[in-house]
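Please keep the sequence and structure at hand while reading.

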Amino acid sequence: MVNGSNFQIEQQCPQCGAPIILDEADRILSCKFCRTRVYLAAEDIFRFYIPPAEGLSETIYFIPYWRIKGLSYTIKEKDMNRERQNSLFSYSISSTIRTIDISNKYFDINFLSLDSKLLPHSLGLRPQAMKLKFVGSNESEGKFLKFSPTLRDNFINDYQTRTGGIHKEIFIGETASVIYSPVYCANNRVYDALLKKPLDLQKRDVEIEQTLISATDEKWHVEFLPLLCPDCGADLPGEKDALIVFCDNCHTAWNPSNKNFIRVKYCAWREAKDDNITYLPFWQLKVKIAGFPLETYADLIKVNSSKEKKKKIIFSRKCLRLLKYL
Ligand SMILES: [Zn+2]
Ligand SMILES: [Zn+2]
């Protein structure tokens with residue numbers, strides 16, 4: 001269930017049909033044969049499937065699994081309570097954060113996104129061993145069952161509860177996608193469509209077959225956006241996993257991730273007379289915190305030199321809450 005590597009996706013070039021292997025984090029598809037470059041975009045999350053074995057004539061049903069990879073931050077407040085009794089609210093921002101005790105853990109899991117106790121709860125290592133495909137790349141592949149976003153939230157909540165003694169768990173996702181695994185029905189059994197072996201469903205195959213037949217179908221396909229600047233029409237260069245692309249011609253920046261290009265404001269450090277400059281990207285976020293004035297650096301100092309401890313605690317909690325929305 002826990003693994004540490006990216007999956008590979010097999011995709012045909014939308015222009016010439018040449019086979020291309022992508023990493024799951026790749027967003028730019030470049031074809032070395034016809035030199036096409038397109039941006040891979042999705043309205044919400046990417047959906048992949050594990051191709052079934054060849055030569056099957058039965059209807060293939062694709063079972064959805066959540067794939068989640070990222071960092072999980074755990075906040076414990078035990079120390080802070082002790083500190084609160086002892087120090088009579090006289091600590092600064094840095095000591096406030098220290099007493100909250102934040103730890104992080106790498107998260108890399110996949111789990112069933114259907115409400116069923118009988119179907120396999122995880123894909124195990126299978127997605128690493130196989131080349132995946134984008135859902136919608138082959139119209140006649142079969143029926144893709146609709147996944148449940150609620151199950152993903154429930155899973156993360158359960159995980160937090162199981163790990164005990166935690167005040168709050170914040171998950172910052174690096175990847176959240178859905179991977180479909182194929183099954184088919186024959187001789188009153190439900191078969192794994194890769195191994196062509198019946199699943200162990202505790203003799204409730206007919207019940208599962210009914211669930212598969214009556215489930216809602218998921219329609220989706222990846223969008224290919226031409227990598228041309230919407231302002232001046234110039235080619236947009238970029239690394240294959242770029243989330244923002246820059247136009248060298250008209251000096252604009254674009255976020256192509258949500259099915260079309262949205263202009264992004266950016267600024268860069270003034271360059272010295274040196275050609276060897278590498279620019280590292282940083283997100284700049286504007287946030288609003290309600291409850292007390294915090295517009296300037298002076299406000300920040302005022303809040304933290306104040307004897308009103310309650311306000312300081314609110315401040316640090318708000319900051320942590322912000323992490324959730326990054
Ligand atoms: Zn091509
Ligand atoms: Zn341009």
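The protein chain has seven helices and 16 strands; helices (H or I, at least four residues) and strands (E, at least two) are DSSP runs, numbered from the N terminus. This is a predicted model, in which local features need pLDDT of at least 70, side-chain atom pairs count only at pLDDT 80 or more, and totals for chains, interfaces and linings use all residues. Residues are numbered from 1 along each chain as its sequence is written, while chains are lettered from A and ligands numbered from 1 in the order in which they are written.

Of the 326 residues of the protein chain, 19% count as buried. A residue is buried if 20 or more other C-beta atoms lie within 10 Å of its own, exposed if 12 or fewer, and partly exposed in between, with C-beta atoms placed from the backbone. Among contacts with a separation of 6 or more, 65% join residues 24 or more positions apart; a contact requires C-beta atoms, placed from the backbone, within 7 Å.

Strand pairing (at least two DSSP bridges between two strands) includes the following cases.

| Strands | Sense | Bridges | Residues opposite each other |
|---|---|---|---|
| β6 (60-75) and β9 (143-144) | parallel | two | Tyr61 and Lys143 |
| β6 and β7 (102-112) | antiparallel | 11 | Ser72 and Lys105 |
| β15 (252-255) and β16 | antiparallel | three | Trp254 and Arg263 |

Strands β14, β15 and β16 form an open antiparallel sheet in that order. Its edge strands, β14 (245-247) and β16 (262-264), each pair on one side only. The twist from one strand to the next averages 40°, with axes being lines fitted to C-alpha atoms and angles running from 0 to 180 degrees between N-to-C directions.

The largest nonpolar core has 41 residues, of which Phe48, Tyr49, Phe62, Ile179 and Tyr180 touch the most other members. Such a core is a set of buried Ala, Val, Leu, Ile, Met, Phe, Trp, Tyr and Cys residues joined through C-beta atoms within 7 Å. Two or more residues each come from β3 (28-30), β4 (37-41), β5 (47-49), β6, β8 (131-134), β10 (168-186) and β11 (189-192). Strand β6 gives the most, with six residues. Because domain 1 (8-68 + 107-225) and domain 2 (229-324) both give residues to this core, it lies between them; the domain bounds come from an automatic or database domain assignment.

Leaving aside residues up to four places away in sequence, Tyr49 touches Phe62, Leu132, Lys133, Val135, Ile179 and Tyr180.

Key. Two residues are in contact if their C-beta atoms, placed from the backbone, lie within 7 Å.
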